Amino acid sequence: ISRLEKILSNELIKNHQEDLLSKIELPLSYVLADMEIAGFRVDKEGLSEYDRVLSDKISEIQAQIYKSMGFEFNINSPKQLGIALFEDLGLPKRKKNKTGYSTSAQVLESLINYHPAIAMILQFRALSKLKSTYCDGMIKLINPSDGRIHAYFNQIETRTGRISCTDPNLQNIPVRTQAGRKLRKYFCADDSCVLVDADYSQIELRILAHLSDDKNMIDAFNSNEDIHTLTASKIFNIPVSMIGSEARTRAKSVNFGIIYGIGAFSLSQDLGISRAEADGYIKAYLQKYKGVDEYLKVMVENAKSNGYAETMFNRRRYLPELSSSNFNLRSFGERVARNMPIQGTAADIIKIAMIKVNNKLKEGGFKARIILQVHDELIVETPTDEVMQVKRILKENMENAVKLRVPLTVNISSGKTWYDAKD
């Protein structure tokens, strides 16, 4: 490796990436090492009891499925499930794959109104995964000497620059269902400590406002307006004061969908509306936010010209897909060209914030320590007598990690468990 140092250093200089390495990635490696050593305390007895509760619930749902369908089969076998649904019950046939009928979540959701067992099968699957992957899997990984899980954090795994987490993946604990969120109750602080949770608010939309220099979006964030309500007002041509929760929810899907390069079909699926209506939403959005529309077009053109997309901090993702003869691959490349600069910049900013927070905690002689990062969220295990100071350190250093055209804002809460701190 030492023989490559000069060659790779010259490449870094040529790509203007010296600061990315020396000021972000190398200092971050020390923060991640501290996090791995610290680990996250887990209530093993509570998690084991929850595992038993899930087992009972899964058995109960299984019995209901059999009663509803009138016969028994292996629900965990996609092949047997496909035969049961499409041959034995005669439900409308969907996609087929090499092993038989597809029984993916998307297929099952499309059949939910055809038979009462479908919703139960989806719930059976969700709870089974929760039990096997998270309860059973995590109980085995609790260190018997300190009662903590010591996950691994990888800073070079993802193509956007995000930190990933393995053995176990604590970043991927389901939060959209109550059963999934309940898992967080078993991640707790040490005695005489609490968990302080700091979460960036709408960081990717704020980065989009900054990078696109869109006046409407910048004015909204600088005036502390609700961006989803404002977008709903612009898309539906309704005064802000008359926007209800449904319109706001649809606008929120469009706001975040634009970042991820969502198309009319995907948006129509997400919102349960026609493709034409979804297409109208996207066109109305780009008409009202002209700076965003222009920026996204320029990002694709730049990526085609350069062969890569890059973040504010010169992190690159090379995109050979853009020159592919395959339409689907090219379309994928264009979506990534639009999204990577935004998502990658968000990843870089949270890394800078982690370094700043970690340095401040050490300089101040605090016992508080960062124990987990989940995309836009930091969790700090904090002695109760340090909570107010730690909250201030998190707020100041996360909100001032970088200077953008719009303010970065952080929501901070605390609690004895991750569930209490977050919910």
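Which helix holds the place of G82? The notes below start there.

1. Basis. This is a predicted model: local features need pLDDT of at least 70, side-chain atom pairs count only at pLDDT 80 or more, and totals for chains, interfaces and linings use all residues. Numbering runs from 1 along each chain as its sequence is written, and side-chain values use heavy atoms, with hydrogens and water left out.

2. G82. Its place is in helix 4, residues 78-88. Helices (H or I, at least four residues) and strands (E, at least two) are DSSP runs, numbered from the N terminus. G82 is buried, with a relative accessible area of 0%. Buried means under 20% relative accessible area, exposed over 50%, and partly exposed in between (1.4 Å probe, protein chains only).

3. Surroundings of G82. Leaving aside residues up to four places away in sequence, G82 touches E87, Y101 and T103. Contact means heavy atoms within 4.5 Å. Y101 lies 19 residues from G82 in sequence, yet the two are 5.1 Å apart in space, C-alpha to C-alpha.

4. Helix 8. This helix spans residues 203-212. Nine of its 10 residues are buried, so helix 8 is largely enclosed by the rest of the structure. Among the buried residues are I203, R206 and H210. Just after the helix, D213 takes a positive phi of about 55°.

5. Four strands form an open sheet in the order 12-13-9-14, with antiparallel pairing. The edges are strand 12 and strand 14 (410-415), each pairing on one side only. Neighbouring strands are turned by 20° against each other on average, direction ignored. Two strands pair if DSSP finds at least two bridges between them. Axes are lines fitted to C-alpha atoms, for helices over the stretch in contact, and angles run from 0 to 180 degrees between N-to-C directions.

6. Strands 9 and 14. Six bridges join strand 9 (residues 193-200) to strand 14, and the two run antiparallel. D197 stands opposite S413 in strand 14.

7. Helix on the sheet. Helix 15 (residues 327-363) packs on the sheet and touches strand 9, strand 12 and strand 13. Its direction makes about 170° with that of strand 12.

8. Strands 12 and 13. Strand 12 (residues 369-374) is mostly covered: five of its six residues are buried. Five bridges join strand 12 to strand 13 (residues 377-383), again antiparallel. V374 stands opposite E377 in strand 13. The hairpin of these strands has two residues between them, and H375 takes a positive phi near 60° there.
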